[in-house]
Amino acid sequence: MTRECAALLPGVCAALADPRQPGLDDTCLEKLLDWFRSLTWFDPTVELVQDNPCLPALITSVLALPDPSPGILSFTLQLAGILASSESRFQHLQEEKLLGRLFGQEGARGGAAWQEAAVRSAWLKGVHGMLHHQPALLFLCSSGAMDVIFTLQGDPSLFVASAASQLLVHMLTFSLESETSKALSAKDCDWPACAQMIVRHIQESLQSSSASHIEQSLKLLSSLFGSCFGSCYAAWTEVLWLGIAKQIESFLLEETVQAQPVLSNLLLNVARSPVFCGTEGNFWALVTSALEHLTPVQAGPLAVGLLKLCKCPQDVRIQALTVLLQPMDCILRAASQPLECAGLLDESVSDPVAVESLLSSKASCAGLLCQTLAHLEKLLSLKHLKVDLPCVSLLHSLMTILQFCNGFLSPTSPLGSTISRNLINCFRVQKSALDVLAALSEKKDCDTLIGSLFDVLLAYLQSPNTSPTVLKKTFQATSKWLVHLKELSSSNSQQQQTEKILEDVFLVLQKRLCSPCWEVRDSSLEFLTSMVKCLREQNEFRQCLLSSEVLRLTENLLEDPESYVRASAVTALGHLALITCFAPECPATGSQYNKESIVAKLQEILSADSEGFPRRAVISIFTKWLREGCTGRLEDTEQFVSRAIQTVEHDLDWEVRLGGLELVEVFCSQTICQLAQCPYAPVSSAVTSSTPQKELLQVFCRAKVFGFLFGALCDCDKPVGQRACDVLVGLRGHFYPMSTLENPQEVEDSPAGRGIAWLQRTLRQGSLAQNFPTDGGCGVDFQDPESMMLALGAIDLLELHDELNKSSDHVEESPQSLLQDILATVGTIEDNEVDCY
């Protein structure tokens with residue numbers, strides 16, 4: 001602690017303990033606690049409380065108040081816990097008889113403030129804060145604090161209840177740290193005192209008749225096995241599990257027990273423990289029993305968790321997959337004639353009637369299917385799944401669900417009719433099914449159903465009843481399956497099927513681009529962009545695109561009244577230009593699609609559109625074109641970049657200006673690669689007899705890059721200044737590779753020296769100088785190569801870089817400033833001493 005802070009602290013403590021002072025802002029108190037945490041973290045000695053007697057005095061004063069405010073009492077409880085985190089300070093506070101009055105039987109919980117959840121939470125935080133040594137643990141076990149913690153497990157505030165549970169997990173783990181060397185077996189369960197109290201509490205709660213106590217203990221066990229306890233204390237884990245396994249099994253078999261939903265998470269956390277790696281033992285039999293007896297909704301999370309475990313026995317893994325597939329199996333059977341019941345599964349783990357009952361109910365049908373589909377999507381995203389998913393049957397089931405949802409399938413079975421009525425126009429299920437459908441496109445064995453699949457997708461794309469959000473998901477799934485279609489074998493029949501599908505897709509797309517709903521137009525443009533990205537090299541795609549009205553409609557949407565749509569149209573047109581304008585074999589698609597026309601349209605949007613989204617899209621597309629080498633010869637690229645950044649530097653949207661800097665960065669790196677005769681790049685015709693370095697400077701000056709970059713250093717939005725500085729530092733690294741920077745005195749004496757010195761001083765002002773001139777009016781010629789070479793070598797860009805990367809509150813947010821602010825708030829120092837932030 002600095003002398004200045006030590007001098008201010010007594011006044012702050014006195015103000016905090018004074019009930020006549022107005023309550024301090026919670027943020028100030030939290031910052032003060034953070035400061036004490038950092039002090040105690042680096043210094044465990046007792047000197048902090050000995051040298052600052054105002055700290056124990058503050059605790060004493062607050063305890064003496066008949067009715068302390070909840071805010072100050074909460075602060076005091078947490079402060080005491082922080083100070084007691086080292087053994088020496090703990091003993092000092094014990095000698096002062098303060099900890100017992102805060103956390104013992106006669107503690108803070110007797111007053112009216114205890115009714116506030118914030119105070120109960122602070123009490124738990126205080127206890128948690130001091131638990132770094134054994135004396136604190138012994139104190140808590142002997143002071144009556146354990147009973148308070150057990151009670152707070154059932155607190156009406158979920159935050160307090162959760163904190164109590166986490167505290168008990170920490171206490172049990174901490175109490176075992178000194179016992180890890182003991183060799184334990186199931187017969188040797190000599191728990192340390194604190195651990196014994198917690199374990200006995202758990203066992204008694206599990207055997208009680210109170211449903212809430214049972215649930216609290218199951219949640220505590222779940223947290224315990226899910227923490228480092230389950231993986232670091234294998235022997236103790238086994239002892240604990242053997243003590244409760246019978247009781248857990250009874251809960252699974254007793255339908256009257258309401259704690260079953262918690263059991264799924266508990267068993268999954270136990271399964272992750274190294275103790276149960278083997279395939280033998282009663283634990284996995286209990287897991288199998290859980291898969292059979294839990295309801296389909298409760299068993300789902302357990303099943304998907306087991307399938308993600310590497311060490312789960314294969315027979316349990318197969319059962320878990322069966323549980324997940326049961327609802328999908330039921331859908332297939334319900335859609336079939338009675339004699340055609342070809343479902344997904346040969347046999348069920350649990351009673352199929354339970355699943356049929358849930359799917360037959362309007363209230364539960366969508367919930368069960370959405371949960372199941374979410375689990376299946378998660379499994380499909382795994383790279384290594386140790387069971388084989390029946391992808392073809394799963395795809396068939398998904399198509400059936402989607403047809404139920406849009407009313408395109410009329411099942412004859414009573415169950416199918418009921419499910420169909422429950423699912424009609426159910427957007428939640430449609431979106432979930434389409435997500436799984438998209439994920440299945442990665443699988444290689446679904447090709448036999450691809451024709452039927454596109455029939456379902458096209459039906460959704462064409463239907464006026466498809467909601468905009470479902471349509472967006474349909475577009476995403478269609479895009480994925482079109483890529484899969486491209487990868488199939490190129491037989492004649494396959495090519496004909498592909499052409500037919502693409503023609504149908506473009507017909508639908510044309511219609512959707514004209515939709516009165518802006519979300520539909522926007523999703524259609526995103527879908528078009530996605531297709532161009534993935535399929536632009538495919539002949540069938542290019543032919544269907546160029547023979548459709550999509551190009552014209554996309555160009556029309558550049559003038560859409562909705563800015564999101566204009567932005568998406570810019571992005572789509574930018575990608576389409578890679579086919580229509582910039583491709584080597586550029587097709588004759590009419591004069592309106594030539595390069596100059598498209599560039600002019602986008603530059604007009606960049607300079608004149610009233611919304612930021614379209615302008616951001618334009619600068620992003622310009623950068624993409626530049627990366628892909630679409631802008632032609634170096635001379636043409638110079639003009640292209642120059643015109644873009646002259647427009648961008650005055651843009652009011654900082655993200656557009658930031659995009660301009662990315663454009664400049666790409667331009668600089670590509671030009672350096674070209675003119676330095678990079679072995680991987682062709683030498684441009686622009687290279688003359690000048691040295692590459694001089695020619696580079698000339699190119700950058702002609703493109704007005706330096707004026708843009710130095711101006712951006714003073715941008716009022718910090719990310720813009722940071723990016724500009726990064727680019728300039730990179731350029732200096734190229735022109736001054738050995739750090740042979742210019743001598744400041746020599747620069748000052750040169751013809752351009754005064755301007756460079758002015759520039760250095762101005763840049764140090766940062767955003768205060770944001771409007772400084774870049775046209776030479778300041779004495780700096782940003783288009784003179786020699787001046788810019790001097791500027792790169794003389795200006796301390798690294799110092800600027802450090803300044804720009806400092807937090808905006810690096811000066812104000814100090815402990816001294818915080819203490820001054822608190823004193824200013826309570827009116828004990830003059831206003832002119834305040835350093836508020």
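**Exercise 1.** Which residues of α37 are buried?

*Solution.* The model is predicted, so local features need pLDDT of at least 70 and side-chain atom pairs count only at pLDDT 80 or more, while totals for chains, interfaces and linings use all residues. Residues are numbered from 1 along each chain as its sequence is written, and side-chain values use heavy atoms, with hydrogens and water left out. Begin with the terms: buried means under 20% relative accessible area, exposed over 50%, and partly exposed in between (1.4 Å probe, protein chains only), whereas helices (H or I, at least four residues) and strands (E, at least two) are DSSP runs numbered from the N terminus. The buried residues are Val-705, Phe-706, Gly-707, Phe-708, Leu-709, Phe-710, Gly-711, Ala-712 and Leu-713. Because 9 of the 9 residues of helix α37 (residues 705-713) are buried, the helix is largely enclosed by the rest of the structure.

**Exercise 2.** Identify the partner of Glu-526 in a salt bridge, and locate both residues.

*Solution.* A salt bridge requires a side-chain nitrogen of Lys or Arg within 4 Å of a carboxyl oxygen of Asp or Glu. The partner is Lys-472, with an N to O distance of 2.6 Å. This pair links distant parts of the chain, since Glu-526 lies in helix α28 (residues 518-535) and Lys-472 in helix α26 (residues 468-486), 54 residues apart. Glu-526 is partly exposed at 36% relative accessible area, and Lys-472 is likewise partly exposed at 30%.

**Exercise 3.** Which residue forms a salt bridge with Arg-627?

*Solution.* Glu-662 does, the closest N and O atoms being 2.7 Å apart. Glu-662 belongs to helix α35 and Arg-627 to helix α33, so the pair ties together parts 35 residues apart in sequence.
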